[in-house]
Amino acid sequence: MIREASPRDLGWIAVLEEKCFPKYPYPRWFLAMLHSISPSLFLVYEADGRIIGYASTIIRRRIICHLMSLCVEPSMRRRGVGRALLDETERRSREAGCSTLRLEVSYVNMPALRLYSSLGYRPAYFKPGYYPGGEPALVMYKALLLGRDKL
Ligand SMILES: CC(C)(COP(=O)(O)OP(=O)(O)OC[C@H]1O[C@@H](n2cnc3c(N)ncnc32)[C@H](O)[C@@H]1OP(=O)(O)O)[C@@H](O)C(=O)NCCC(=O)NCCS
């Protein structure tokens with residue numbers, strides 16, 4: 001089940017962040033800030049009463065939605081959770097009036113690159129020194145306009 005996160009979920013989401021991004025997890029205060037910016041785009045995937053994945057998106061310049069984080073509990077991967085979270089994020093982003101969904105991903109993150117490519121995200125450019133370790137990020141976009149996102 002996908003639902004909006006509540007402030008009470010943030011502790012567990014912070015734990016999930018540490019499991020998913022051991023090198024540079026978002027701290028809890030940053031998660032709280034993301035949640036306060038766009039609560040309807042801060043989603044969790046719950047299974048058997050446990051949060052096993054989450055996706056956080058914020059709206060920039062009214063028409064660009066920016067995926068800030070997406071992660072799935074390591075033991076629950078390859079079951080469609082990441083795709084389901086992204087599908088719902090896209091649906092809500094469209095509803096919120098965004099024409100584009102944008103994200104950053106490490107060019108060595110093969111699972112994420114495959115997921116994004118399979119859903120129609122296109123590489124745009126590299127952002128040097130984006131990650132705390134100094135690695136660049138690949139910026140990807142997807143047009144959310146009706147009919148175009150299936151291309
Ligand atoms: C990226 C991530 C969110 C994917 O979540 P997931 O629930 O495992 O993804 P799904 O099961 O929905 O996979 C959907 C598609 O993505 C691709 N994919 C996902 N994991 C993959 C892997 N390990 N290897 C190759 N392709 C993969 C496949 O195309 C897959 O479709 P398929 O299973 O029909 O082949 C998850 O691996 C994760 O949390 N990684 C750590 C955090 C992270 O890197 N987040 C992204 C930051 S930009």
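Predicted model: local features only at pLDDT ≥ 70, side-chain atom pairs only at ≥ 80, totals over all residues.
Local features need pLDDT of at least 70 and side-chain atom pairs count only at pLDDT 80 or more, while totals for chains, interfaces and linings use all residues. Residues are numbered from 1 along each chain as its sequence is written.

User: What pattern does the protein chain follow along the sequence?
Analyst: The protein chain has four helices and seven strands. Helices (H or I, at least four residues) and strands (E, at least two) are DSSP runs, numbered from the N terminus. Read along the sequence, the pattern is β-α-α-β-β-β-α-β-α-β-β.

User: Are α1 and α2 parallel or oblique to each other?
Analyst: Helix α1 (residues 10-20) and helix α2 (residues 28-37) pack with their axes 9 Å apart, at an angle of about 120°. Axes are lines fitted to C-alpha atoms, for helices over the stretch in contact, and angles run from 0 to 180 degrees between N-to-C directions. Under 35 degrees counts as roughly parallel, over 145 as roughly antiparallel, 65 to 115 as roughly perpendicular and the rest as oblique. Therefore α1 and α2 are oblique.

User: Which helix supplies the largest share of the shell around the ligand?
Analyst: β4 (64-72), α3 (81-95) and α4 (110-118) each give at least two residues to this shell. The largest share, six residues, is from α4.

User: Which of the 19 residues around the ligand come nearest?
Analyst: A residue is near a molecule or strand if its C-beta atom, placed from the backbone, lies within 6 Å of it. Of the 19 residues around the ligand, those that come nearest are Arg 77, Gly 82, Arg 83, Pro 111 and Leu 115.
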